[in-house]
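Visitor: I have a model open here and would like to talk it through. Could we start with the ligand and then move on to the charged pairs?

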Amino acid sequence: MIENTGFPARRGAMEYVCLGCGATFGIEELLYTCPKCGDVFLLRDTRFDALAEIPGAVWRDHFDARAASKVTALRGIFRFYELMAPVIEEEDIVYLGEGQTPEVEASPELTERIGMRFAFKNDGQNPSASFKDRGMACAFSYLKALVRRHGWDQVLTVCASTGDTSASAALYAAYVGGPVKSVVILPQGKVTPQQLAQPLGSGATVLEVPGVFDDCMKVVEFLADNYRVALLNSKNAWRILGQESYAFELAQWRDWDLYRTCLFVPIGNAGNITAIMSGLLKLNRLGVIGALPRIFGVQSAHADPVYRYYRESAPGKRVFTPVAVTPSVAQAAMIGNPVSFPRVRHFAGEYEKVGGPGSFQVIQVDEQSIIEGMLLANRHGHISCTQGGECLAGLIAAKKCGLIEDSEYAILDATAHSLKFIGFQEMYFENSFPPQYEITPDQTLVNKPELIVTPDEKAALPPAEYTALAAANIVARLGLVAKK
Ligand SMILES: *Cc1c(COP(=O)(O)O)cnc(C)c1O
Ligand SMILES: [Zn+2]
């Protein structure tokens, strides 16, 4: 029933399912929210149960064999085709090298310092340098299928972004080209210069509005409700599907054994943690993994609506209230009213049914610990962004409150590449954070370049003497010992 060469022949039958009223809709059209009640969708394969008739061991062998596939469409997130979007044809799959990101174990010194073994899964090693490419590869593959089916001659893709969604959307749109044009809407001054450069370089139309991400999102939702545009925010359920690949990969990397493993995931709009829980539940349902790993969502105290919701331990008493965010170095997660909150609530419930109470938790950390989480990781050979730093801060906090045992293993989602957020490192080193961040540099973590010869000194010296002076200053600075 499953073949190991070529592109898979079996197709699923997918439909949108509304999380609010349960209504279902066909996938011939791109829908974002339920026309009946306005709630968000999940995508469901109505033939999924047939997959569960195949033993988990067969699936494991199948996905392991597929890791060697020479079919381009199966090299990235679609390695797990049957579990993700088994309605997309090979010719529509867009592959820019996303997925299959490395999981790098913490260096020996960092392991010793934290007191347990853990790893970063480097999702910054995706093509636009964040995990958003996983979802975008799936959403654009579906969009390409729609364009082909309907013969559309123009498709305007739009998204609001804290920086990485727009970088990714613009990249994929630029690659697909033809009728597909990208428009990104950004909160002015609230994305890093690197993140702003990305959609500009990809040739997208970049529109800025004053305010924060939540303000942008409202504008984009209005556009999607009233005009013919393709919305690429994680409201778009195809993105969630693509992001499930993170869960499949980490299970495969650990040879399908996630017993006594804890995952740490930063929560912003909550699409990523939704996708990870959904993916793990699928693997569990098929018997591909036995135990579910525990999942810890992490939020900054400056943008923590999901944490506040779950802080109330009695499920009946929980009330969701959006929060007004204040500046955060975990800027990609600086969201007060997460679009995917209903999805988190749904999957957290499902997850705890299988994994038991406490298998899903949310931890709150402060800004100081987030930036220092990033700096600490990167001083030990990692390439973590601030949100990856937030995960490390979450791990440290969870250990401190006794939520984790030293003998467990943690996998931290380094959601973007450190270089995207490098301005925050500079602000730390220069002690130039505005007061709202509440960050005071620890001098032992500060690093700065040192000028060894001044331009005036250089200008005044002949070349040979300049070299001698520079070398002498370096010898003195480093205390070098001459060769015998
Ligand atoms: C988008 C993003 C997040 C937040 O993910 P959500 O799915 O919105 O919860 C975290 N880190 C980075 C680097 C991101 O780009
Ligand atoms: Zn509905």
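Visitor: How many residues surround ligand 1, and which are the closest?
Guide: Bearing in mind that this is a predicted model, 14 residues surround ligand 1, and the closest are Lys132, Asp164, Asn269, Ala270 and Asn272.

Visitor: And what kinds of residues make up that shell, nonpolar, polar or charged?
Guide: The shell around ligand 1 divides into six nonpolar, six polar and two charged residues.

Visitor: Which polar backbone atoms lie by the ligand's oxygen atoms?
Guide: A polar backbone atom of asparagine 269 is 2.7 Å from an oxygen atom of ligand 1, and one of asparagine 272 is 2.8 Å from a ligand oxygen, while for glycine 271 a backbone N or O atom lies 3.2 Å from an oxygen of the ligand.

Visitor: How much of ligand 1 does the protein bury?
Guide: Ligand 1 taken alone exposes 380 Å², and the protein buries 98% of that; the space that ligand 1 takes is also the largest cavity.

Visitor: Changing topic, how many salt bridges are there in the whole structure?
Guide: A search of the whole structure finds 20, including one between arginine 66 and glutamate 82, whose closest N and O atoms are 2.8 Å apart.

Visitor: Where in the chain do those two sit?
Guide: Arginine 66 is in helix H2 (residues 56-66) and glutamate 82 is in helix H3 (residues 81-84), 16 residues apart, so the pair links distant parts of the chain.

Definitions and conventions: Residues numbered from 1 in each chain as written. Chains lettered and ligands numbered in written order. Predicted model: local features only at pLDDT ≥ 70, side-chain atom pairs only at ≥ 80, totals over all residues. Heavy atoms only, no water. Near = heavy atom within 4 Å. Polar contact = N/O pair within 3.5 Å; in protein donor to acceptor, adjacent residues only side chain to side chain. Areas by Shrake-Rupley, 256 points an atom, 1.4 Å probe, with all protein chains shown as cover. 1 Å grid on protein atoms, 1.4 Å probe; cavity = no way out; pocket = protein on both sides within 12 Å on 5 of 7 lines; lining within 4 Å. Sits in = over half its atoms within 2 Å of the grid points. Nonpolar A, V, L, I, M, F, W, Y, C, P; charged D, E, K, R; others polar. Salt bridge = Lys/Arg side-chain N within 4 Å of Asp/Glu carboxyl O. Helix = DSSP H or I, 4+ residues; strand = E, 2+ residues; numbered from the N terminus.
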